[in-house]
Amino acid sequence: WMNFQNLFVNSKIEKTQCLLVLECFDGLSLADYSETNPGSSSLLLVFFQVILALYELHKNSILHLNLRPDNIFVGVDGLVKLGGVSLLRNSNHSHLTSSFLNPTPGYSAPEVWQTDGKLDETADVYSLGSLLFFCVTEGEHPNRILSHSRIPTKFRSIIQKSREVDVAGRFGSVRLFEDAVL
């Protein structure tokens, strides 16, 4: 789960200043970890930790907006950490550009690529669907989801619903997504 003990907030820092705290972490990105052939069961254990971490972010009104195998880290002890967190509050982001958010084809929701500023946690739900695909297919990119025969039947509709282009067709929250997966 997401541990906020390393996220420092100092109310005396001016709004124009930024405090960045980095942590040394012994492990692999999920992309690299998947190449060690851990099997879909181990990848799904990582995936469920990502759900818990993302739930904690959303509970604190923070959007990730950049969930992808390169931004998820698996420690030698099995602990999972998220990297690349945008730290954006869940609100209007019309001033942001897609280059600021660094979207990833196949993982980032369509609205992250647009500049209309309407971003909420359903953008992260889209990415969760892509990550679920990545985990159940043992490391394949989610570019042709519906025609992919290696997706277990149980997960096909969940992946499809979470990756709907229309935001209204997706799961409305990480909790609803998790309920469908379990």
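Visitor: In what sense do β1 and strand β3 pair, and over how many bridges?
Guide: This is a predicted model. In it, β1 and β3, the latter spanning residues 72–75, pair in the antiparallel sense over 3 bridges.

Visitor: Which residues stand opposite each other there? For instance, what does serine 29 face in β3?
Guide: Serine 29 stands opposite phenylalanine 73. Leucine 28 has valine 74 of β3 as its bridge partner.

Visitor: And what holds paired strands together in general?
Guide: Strands of a sheet pair through backbone hydrogen bonds, in either a parallel or an antiparallel arrangement.

Visitor: What is the order of the strands in the whole sheet?
Guide: The sheet is open and has 3 strands in the order β1-β3-β4, with antiparallel pairing. Its edge strands are β1 (27–29) and β4 (80–82), each of which pairs on one side only. On average, neighbouring strands are turned by 25° against each other, ignoring direction.

Visitor: How many bridges join β3 and β4?
Guide: β3 and β4 are joined by 3 bridges, again in the antiparallel sense. Isoleucine 72, for example, has leucine 82 in β4 as its bridge partner. The hairpin of these two strands has 4 residues between them, and glycine 78 in this hairpin takes a positive phi near 90°.

Visitor: Changing topic: which strands does helix α2 touch?
Guide: Helix α2 (residues 40–59) packs on the sheet and touches β3 and β4. The direction of α2 makes about 45° with that of β4.

Visitor: How far does α2 reach, and which of its residues are buried?
Guide: α2 has 20 residues and reaches 28 Å from its first C-alpha to its last, close to the 28 Å expected at 1.5 Å a residue. Its buried residues include Leu43, Phe47, Val50, Ile51 and Leu54. Glu56 and His58 are also among the buried residues of α2.

Visitor: Where does glutamate 138 lie?
Guide: Glutamate 138 lies in the loop between α5 (121–136) and α6 (153–162). Although glutamate 138 is not a glycine, it has a positive phi of about 60°. With 40% relative accessibility, glutamate 138 counts as partly exposed.

Terms used:
Residues numbered from 1 in each chain as written. Predicted model: local features only at pLDDT ≥ 70, side-chain atom pairs only at ≥ 80, totals over all residues. Heavy atoms only, no water. Pairing = 2+ DSSP bridges. Axes fitted to C-alpha atoms, helices over the stretch in contact; angles between N-to-C directions. Contact = heavy atoms within 4.5 Å. Expected span 1.5 Å × (residues − 1). Buried < 20%, exposed > 50% of the residue type's maximum accessible area, 1.4 Å probe, protein only.
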